[in-house]
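Dear colleague,

Please read the notes with the structure open beside them.

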Amino acid sequence: MAGATNSLLVIDGLATTWAELETVRLPGNPPLAVLDDGHGRALRAVARHRRDGGELLIAAAGRVDAELRDGLLADGFHLVTPDGLVEPAGWRPEQPGRIWILTSGSTGRPKRVPHTLASLSTVGGDQPPRVWLCPYSPGTYAWWQVVTLSLNVPGQDVVTIDPARLDSWPEAAAAHGVTAVSGTPTFWRQTLFRSGDTLRDLPLAQITLGGEPVDQAILDRLAETLPGARISWIYASSEVGAAIAVHDGRAGFPVAWLDRVAAGRPTLSVEDGELVVSSPYAGDGLAGRVRTGDRVEISGDRVLIIGRLDSDEINVGGSKVSAGMVRDVLFTHPAVRWARVYGRNAPLVGRIVAADIVTDGTVGEAELARWASTRLSEYALPRRIRLLDEIPMKETLKSDV
Amino acid sequence: MQPKTTMRLDRARVRELMALVVATRDVALPDDDAVALRDIGFRSLDFSELALRVEDEIDRELNFDAPGLRSVVTVGDVLDLIDHLQAGS
């Protein structure tokens, strides 16, 4: 692979390049699992993989519990951790070129999805030079997207930021001349909530959202805050890869894209309200139609991705309510900065709609309830609203939406 | 397992919570306990919300195995029932 070995990498505040990056060195070429929250070891392992093609799994230490760690050792992985190298009892030949991604675990225990550097490389061609901020946890699909962009496309520099310093990313971005940032909607909401004024001053030319449903309100707020930036949202998962990229500033994707077949491009379909994807970027063994588990609604000329099928529907006294649709209505309130909508057990009707909400402090529960009551049916109205002080965010930069 | 609390809300506090439930629709809860629920549009969803508000304040679930739901017609009936459910939980 030709690649862009001169792309700049900023790790722990220090600049280097792929060509200069010291690689992780181990005798032989055993399967390697880098379990670390920081980016340094992870990127050095990527450099090694790029050079030798060795089998590789990268994950933040916090995502790997004792059972998963034992499973990796039993499967012959050498573990690279901040405390040193842990060797497995046994040995097995590596799978050349294999990269494993841990799923986010939103549907249970994390599982390994097989990829290669080629299947993770979804962006190519000529791209304007950018300095990307990478706030993602090492080893996630989104992290690999930024990393492979830097590896493959000239002029795509990357500034990493450790999870412990995530709150101060706008300052780090300003210090290192960042011009492009990729993050989840929750990441962007938290940034607008905490550092909106600082964000406004950043010279961002590209901002990207992904990993969670993207609603119109967050797109509009980002466009208002950063009028000079191109705003894109990406639908991607470990299983189907990066399947949808939308750049027109609108939530959802055009209905015209459904069932469109083109060589080398993902095919998108809707079956029983579920998004179905056939993608050239899918994990190995996942070629063909993959039911994503994501619920979609068609609204006018757009297909909106609402949330997970298994958690989106709330049955309120026999009436079906979409948590995602309620959440998106709450997001349109000008004072709402973040919301999570869920079902709560209740007498008589079985479940009622409840919401955790973060506001800008100018409205209370009663005002929000009144406002929602004019926009939602009686059954969909959040009956219990809890106001939180901060936007909760996991290390995957997602919240439980 | 957390021990159950024995906290109980008095009738005045339950009335305040009931007022909050109907206030969402800009309805003021009448002072008169004899007012019919249908006159203020108080329905099963409202009762569910009220029950959850009470549960949140007393930090335990109400016992809905207790009989009596069919006799709820007035504001006073709701207050009586919540009192009854608190005693039985």
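Two strands are taken to pair if DSSP finds at least two bridges between them, and helices (H or I, at least four residues) and strands (E, at least two) are DSSP runs, numbered from the N terminus. Please keep in mind that this is a predicted model, in which local features need pLDDT of at least 70 and side-chain atom pairs count only at pLDDT 80 or more, while totals for chains, interfaces and linings use all residues. Residues are numbered from 1 along each chain as its sequence is written, chains are lettered from A and ligands numbered from 1 in the order in which they are written, and side-chain values use heavy atoms, with hydrogens and water left out.

The sheets of chain A

In chain A, five strands form an open sheet in the order β15-β19-β18-β17-β16, with antiparallel pairing. The edges are held by β15 (253-254) and β16 (267-271) of chain A, each of which has a single partner strand, so one side of each is left without a neighbour in the sheet. Within this sheet, β16(A) and β17(A) run antiparallel and are joined by five bridges, and the bridge partner of V270(A) in β17(A) is L275(A). The hairpin of β16(A) and β17(A) has two residues between the strands, and D272(A) takes a positive phi near 50° there. On the other pairing of β17 (residues 274-278) of chain A, three bridges link this strand to β18 (residues 290-299) of chain A, again in the antiparallel sense, and V276(A) has R291(A) as its bridge partner in β18(A).

Chain A also has an open sheet of eight strands, in the order β2-β1-β10-β9-β11-β12-β13-β14, whose pairing is mixed. Its edge strands are β2 (14-17) and β14 (241-246) of chain A, each pairing on one side only. One of the pairings in chain A joins β12 (residues 206-210) to β13 (residues 230-237) in the parallel sense over five bridges, and there I207(A) has I231(A) as its bridge partner in β13(A).

A further parallel pair in chain A consists of β23 (residues 350-359) and β24 (residues 384-387), which pair over four bridges; the partner of I357(A) in β24(A) is L387(A). Together with helix α10 (residues 365-373) of chain A, these strands make a right-handed β-α-β unit, where right-handed means that, with the strands pointing away from the viewer, the path from the first strand over the helix to the second runs clockwise.

Helix packing

For the helices, axes are lines fitted to C-alpha atoms over the stretch in contact, and angles run from 0 to 180 degrees between N-to-C directions. Angles under 35 degrees count as roughly parallel, over 145 as roughly antiparallel, 65 to 115 as roughly perpendicular and the rest as oblique.

In chain A, α6 (residues 185-201) and α7 (residues 216-225) pack at an angle of about 10°, with their axes 11 Å apart, and they are therefore roughly parallel to each other. Their contact (heavy atoms within 4.5 Å) includes W188(A) and L192(A) of α6(A) and I218(A) and L222(A) of α7(A).

The helices α1 (residues 40-52) and α4 (residues 141-152) of chain A pack at about 55°, with their axes 12 Å apart, which makes α1(A) oblique to α4(A). In this contact, A42(A), L43(A), V46(A) and R50(A) of α1(A) meet W143(A), W144(A), V147(A) and L151(A) of α4(A).

In chain B, α1 (residues 11-23) and α2 (residues 44-58) pack at an angle of about 135°, with their axes 10 Å apart, and these two helices are therefore oblique to each other. Among the residues that meet are R13(B), L17(B) and V21(B) in α1(B) and D46(B), L50(B) and R53(B) in α2(B).

With kind regards
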